[in-house]
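Here is a short note to read alongside the structure. Take the points one at a time, and keep the 3D view open as you go.

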Amino acid sequence: MNTGPGCSVRILAWIAIILLVFLAIGFAVGPIGSKLLGIQAPNFLSVPKPHVQLPAEGIIHINRMLVITNTLLASWLTVIVLVVLFAFCTRRMKLVPDRLQNFAELIVESLLNFIQGAAGEKNARTLFPIVATIFLYVITNAYMALLPFFGTIGIKEAGDTFVPLFRSANTDINVPLSIAIMSFIFVEYWGLKSLGVLRYLNSFFNLGQLREGITNLFKGKIRPAITGIAFGFINLFVGFLEVFSHFIRIISFTFRLFGNMTAGEILLLVVCFLVPFIATIPFYGLELLIGFIQALIFAGLTLVFGIIALTPHTEGEHS
Amino acid sequence: MEGIGINLPLLLAFLVNFIILFVLLSIVLYRPVLRMLDERQARIREAMEQAEQIKQQAARSEDEIRAQIEKARQEGQAIIAQAALMGEKLTEEARESARKESEAIIAKARAEIQQERDRVIEELRHEFADIAVMAAEKVIRETLDKEKHRRLIEETLKESPLLNK
């Protein structure tokens, strides 16, 4: 007899055998197994063919423009879960924390440490709320999507199309886009606040050389005038590129998260369709990892852009 | 844009959603927890400073106590030495006074003895005189003059070297 800690070897072996049996059944009733073995799975075991739909489906149609979609419901659920959970955790704050308060403190402290490591003590408090909110929102959206009632409970609409009640909020392009817009707004706000309007614009458009060229032109010095104006226009062009890059950030933010999350969901759907049992478990693990990484990337990039905006950069002012 | 589902009202809804989450989390999570973390940090720093102070104070008072003990020891030693000295002096004094007293007693005794001896000699002299007178009376049976006799005898006795001191 194995009297060591944990399960005995025999129990582990039984669990492995049961899992393998389920895996085999799943493989057999899935489309690949059916084709290979030539058997027809019973109806209750067959998983419907996954259909990929990028725009979120409406649940409640208020009017033609205003539709409450399943992703909106999911994001409300995320907001409610986060707020209620943390309100509960921080209900009675004590100097010696109990378990729930410890949980909230763990999250806040690790995020704060992450931000402080990059931004330093002073800027961390400015950056913290938005970066932390982005992280918590994205990761909760991603993890909630792994719960069983996402994508399974739904309503049948006209034309026999199945519309799930909840769908991972991150797979609706409006969600990554809205977070990206918030990130963009805050980054620009920090830049404006720390530098002031004129200096902030000056950090994009370095007009010193152009001005110098024009004064040289009026003074009649042709050669420095030409080089000055030429470099001035190059700088102007670079400035437009810089502005453009700030807007590009929104798009890259949006599609990075949207693409990863949608691909993850489709992957899960397809694996679940091919092998209904067991085989999806590793992919769920993968999705947990990807959800965390995407949240970290979204928050981390916002953090980095915020740091760039907050630290006064002196290059480009030496002309 | 319609193909991937960008939808302005929905986008606005999500923006509002995010702002609501941001505000609520700020109220419910960030502010209380950060305040608590700061407070705890301040407390810990304070406590550590206090501990450092207490440690220093303890070291200082230990030094002080050691110095005091050393001082007390020295004082005690001094007192003992003084006491020993004093004791010696006292015994010396006592011995001296005893010696003096005994000497005085001896001297007094000697004087008394002398006195007694003188008195006895005097008495003896009287006795002798009386005896001699009586003997002379008996011998000569004739009492010439008692007073004359006595004087005679007394002179004789005074002349005798034995009874003269």
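**A pair within one helix**

1. Start in chain B, with helix α1 (residues 8-140): E70(B) and R73(B) are three residues apart there, which means that about one helical turn separates them. Their side chains meet in a salt bridge, with 3.1 Å from N to O. Please keep in mind that this is a predicted model.

2. How many salt bridges does the structure hold over all chains? The total is 10. The pair E70(B) and R73(B) is one you can look up yourself, since both residues sit in helix α1 of chain B.

**Where the two chains meet**

3. Now look at the contact between the chains. Chain A gives 46 residues to the contact, and chain B gives 33. Between them, the two chains bury about 3,600 Å², and 79% of this area is on carbon and sulfur atoms. Which residues of chain B lose the most area to chain A? They are I4(B), F14(B) and F18(B), which together account for 19% of what the chain B side buries.

4. The interface also has charged and polar links. The rule finds two salt bridges across it. D38(B) forms a salt bridge with R125(A), and their closest N and O atoms are 2.9 Å apart. Sorted by class, the side of chain B that touches chain A has 23 nonpolar residues, along with five polar and five charged ones.

**A patch on chain A**

5. Finally, turn to the surface of chain A. A nonpolar patch there includes F114(A), Y143(A), L267(A) and L286(A), and its residues have about 680 Å² of accessible area together. Two elements of chain A, α4 (99-144) and α9 (280-310), each give two or more residues to the patch. Which element gives the largest share? That is α9(A), with six residues. L286(A) is a handy place to begin, as a residue of helix α9 in chain A.

Definitions and conventions: Residues numbered from 1 in each chain as written. Chains lettered and ligands numbered in written order. Predicted model: local features only at pLDDT ≥ 70, side-chain atom pairs only at ≥ 80, totals over all residues. Heavy atoms only, no water. Contact = heavy atoms within 4.5 Å. Buried area = accessible area lost by both parts, 1.4 Å probe. Salt bridge = Lys/Arg side-chain N within 4 Å of Asp/Glu carboxyl O. Nonpolar A, V, L, I, M, F, W, Y, C, P; charged D, E, K, R; others polar. Patch = residues over 30% accessible without salt bridge, like charges linked within 9 Å, V, L, I, M, F, W, Y side chains within 5 Å. Areas by Shrake-Rupley, 256 points an atom, 1.4 Å probe, with all protein chains shown as cover. Helix = DSSP H or I, 4+ residues; strand = E, 2+ residues; numbered from the N terminus.
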